[in-house]
Amino acid sequence: MSHYFSERELGVKPRTEEIISFAAWGGIVSLTKSLIRIGAFGVKYPKKCADESGIIGTDERVLELAIKAEVLDLSWPLEVEEDALPSTLVVLDFIEFCYRIVAKPIQGYHHQRRKIDPIEEVLSGLISYRQNDNFNFIEHHHLEFDKKKGECEFREEINRIFSRNGLAYELKDNGKIERLAPPILHESLVSAYFDTGDEALDKMLEDSRIKFLNVNPKIRREAVERLWDCWERLKTLEDGDKKKSIETLLSKAAEGNNEFKNQLNDEATALTKIGNSFHIRHSEKNQCHLTDSAHFDYLFHRLFSMVQLLLSKRNSSK
């Protein structure tokens, strides 16, 4: 994806925003309407020519019915009004819907000989009219479709909108939107591979990683809860006695540096206390509730860093 001059000079805008803005929604609406005009959704919802011999565009009525059935709470036709901005989750669902049905339209040519009404032809704007040897003709384009190219171009346009508006989302080539983790965590999460020797723990860690990249804040909260469950199970990797086990893990991580081991021990104690004090692992009334997405990012990063360190040092000592 090419960058604008300002991005080449000043760098790309940090992608930390999680709420679809009015400006971003306007760009998405503009892109969608342009795709409808050229018939890019016609491969799934085709508008046929008069003789039913080919596709000439998108059947907007059928498209509307499909969207209303699958993308709940999205008003149609699409409008850009600040007091009627769809929720972020609705917009992201809509983008995934469009990716699934988009294809690049390629114009072919169709020549049909029959009598036509020139007035109707002029009003429709879809066909051209000529007379030859006392015959009336319809000349218009049929559409063929390149699905892969249409998906690629759509993905590039959407990701450019995300990037220019600093949105922490990325449309992947599988058609799913992922949330971009905070920059300090992103590379670690994308490349993370878990091989602890405990199959259940590996699955729990992978589940937590995938959920943290989800666009839904509720799912990301589940990622934090899952990671704290992983933390408690990880403590038993070295020994059935949890205290002895965590002591061994911390010793391997410190590699003989007693002062650093003391710091790791303090951090391990603090992380356990966080899991018990906040509404993460338990649901008692006296626990503190967290609602800010940035707070969950911080807690996930803090514990994930500890888990990553302990597991990497444990594996290297084998």
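**Before selecting**

This is a predicted model, in which local features need pLDDT of at least 70 and side-chain atom pairs count only at pLDDT 80 or more, while totals for chains, interfaces and linings use all residues. Residues are numbered from 1 along each chain as its sequence is written, and side-chain values use heavy atoms, with hydrogens and water left out.

**Stop 1: the whole chain**

Display the protein as a cartoon; its secondary structure comprises 12 helices and nine strands. These elements are DSSP runs numbered from the N terminus, with helices being H or I of at least four residues and strands E of at least two. Of the 318 residues, 41% count as buried. Here buried means under 20% relative accessible area, exposed means over 50%, and partly exposed lies in between, for a 1.4 Å probe and protein chains only. Contact means heavy atoms within 4.5 Å. Among contacts between residues at least 6 apart in sequence, 65% join residues at least 24 apart.

**Stop 2**

Two packed helices are described by the angle between their axes and the distance between the axes. Axes are lines fitted to C-alpha atoms, for helices over the stretch in contact, and angles run from 0 to 180 degrees between N-to-C directions.

Select residues 60–70 for helix H3 and residues 88–101 for helix H4; their axes come within 11 Å and cross at roughly 135 degrees. H3 is therefore oblique to H4. Angles under 35 degrees count as roughly parallel, over 145 as roughly antiparallel, 65 to 115 as roughly perpendicular, and the rest as oblique. The crossing of H3 and H4 is right-handed. A crossing is left-handed if the near helix is turned anticlockwise from the far one by less than a right angle, and right-handed if clockwise.

Now show side chains: Leu-63, Ala-66, Ile-67 and Glu-70 of H3 meet Phe-94, Phe-97, Arg-100 and Ile-101 of H4. By class, this contact of H3 with H4 has six nonpolar, no polar and two charged residues. Ala, Val, Leu, Ile, Met, Phe, Trp, Tyr, Cys and Pro count as nonpolar, Asp, Glu, Lys and Arg as charged, and the others, Gly among them, as polar.

**Stop 3: helices H2 and H4**

H2 passes H4 in a left-handed crossing. Select Trp-25, Ile-28 and Thr-32 in H2, which meet Val-91, Phe-94 and Ile-95 in H4. The residues of the H2 contact with H4 divide into five nonpolar, one polar and no charged.

**Stop 4: helices H9 and H11**

Turn to H9 and helix H11 (residues 258–277), whose axes come within 11 Å and cross at roughly 130 degrees. H9 is accordingly oblique to H11, and the crossing of H9 and H11 is left-handed. On H9, select Trp-228, Trp-231 and Glu-232; on H11, select Ala-268, Leu-271, Thr-272, Ile-274 and Gly-275, and the residues making the contact are displayed. The contact of H9 with H11 consists of five nonpolar, two polar and one charged.

**Stop 5: salt bridges**

Side chains of opposite charge can pair when their charged atoms come close. A salt bridge is a side-chain nitrogen of Lys or Arg within 4 Å of a carboxyl oxygen of Asp or Glu. By this rule the count is 23 salt bridges.

Select Arg-179 and Glu-18, which form a salt bridge with an N to O distance of 2.9 Å. Arg-179 is in strand S9 (residues 177–179) and Glu-18 in the loop between helix H1 (5–10) and helix H2 (22–38), 161 residues apart. Both Arg-179 and Glu-18 are buried.

Next, select Glu-238 and Lys-252, a salt bridge of 3.3 Å, N to O. Glu-238 lies in the loop between helix H9 (217–234) and helix H10 (242–254), and Lys-252 in helix H10, so the pair ties together parts 14 residues apart in sequence. Glu-238 is partly exposed at 24% relative accessible area, and Lys-252 is partly exposed at 27%.
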